[in-house]
Amino acid sequence: MAATVLVVEDEPAIQELIAFNLKQTGHVALTATSAELADRMIKETMPDLILLDWMLPGMSGIEFARKLKADAFTKSIPLIMLTARGEEQDKVRGLETGADDYVTKPFSPRELSARIKAVLRRRAPQMTDDQVEVAGLALDPITHRVTGNGASVDLGPTEFRLLHFLMTHPERVHSRTQLLDNVWGNQVYVEERTVDVHIRRLRRALEPTQHDNLVQTVRGSGYRLSHRV
Ligand code: CA
């Protein structure tokens, strides 16, 4: 699944290079030349990951990272700091602000995409192309194929995303609001009971191979994918 990556970088050449490479690796790149601009953009479109330059005009990258991590709305966005400084002291400071990783300039496009992939894998596994499997139910994000014990399972696009999210975050209870944020995106106005409708459709699609009971209702809390009864 393509991730929307916000690049906050004031040097045009670097910004362009990063945006180009993000598109090459199948992601959507949003760009901002300052923290102030990025702050306004986040209110419109929630990125899946932020690449944040340390040295910015106006609010510095570090200050902005602290601000993001202090705000309930933005604190869970994965964050990679970009910097020209390579000193260990700065790295520690960067990570202390809650950044997930740290890339020192100059970096190769390949290094950056590897870091992005690693952070997404850790923080937002539904954004990667890794195949997932739980108890004989397999989902391939690249081919969009789902199989139950080898038999093909036919899913609509929303059910596919819902299942992908649940499978990449198994054993955890997700509230309807969390599912809306992660599967529908929180910019879309959808009623909570829409989640129930799609959960029902998903279960029905999983019935033939008896994988429907993987999708469990946790009364009063939400839903969970688990192979434990
Ligand atoms: Ca800079």
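**Strands and a buried charge**

Author: This is a predicted model. Strand β7 covers residues 137–140 and strand β8 covers residues 145–148. The two pair in the antiparallel sense, over 4 bridges.

Reader: Which residue in the turn between β7 and β8 has a positive phi?

Author: β7 and β8 form a hairpin, with 4 residues between them. One turn residue has a positive phi of about 60°. That residue is H144.

Reader: How many bridges join β8 to β9?

Author: Strand β9 takes in residues 151–153. β8 and β9 run antiparallel. G148 stands opposite A151 in β9. The bridges joining β8 to β9 number 3.

Reader: What is the phi of N149 in the turn between β8 and β9?

Author: β8 and β9 form a hairpin with 2 residues between them. N149 is in that turn, and its phi is positive. The value is about 50°.

Reader: How far from D140 is the nearest side chain of opposite charge?

Author: D140 lies in strand β7 and stands opposite R145 in β8. D140 is buried, yet has no salt bridge. A salt bridge needs the charged atoms within 4 Å. The nearest side chain of opposite charge, R145, is away by 7.0 Å.

Reader: Which side chain makes a polar contact with the side chain of D140?

Author: D140 touches Q131, R145 and F160, not counting residues up to four places away in sequence. The polar contact of its side chain is at 3.4 Å. The partner is the side chain of T143.

Technical notes:
Residues numbered from 1 in each chain as written. Predicted model: local features only at pLDDT ≥ 70, side-chain atom pairs only at ≥ 80, totals over all residues. Heavy atoms only, no water. Pairing = 2+ DSSP bridges. Buried < 20%, exposed > 50% of the residue type's maximum accessible area, 1.4 Å probe, protein only. Lys, Arg positive; Asp, Glu negative; His and termini not counted. Polar contact = N/O pair within 3.5 Å; in protein donor to acceptor, adjacent residues only side chain to side chain. Contact = heavy atoms within 4.5 Å.
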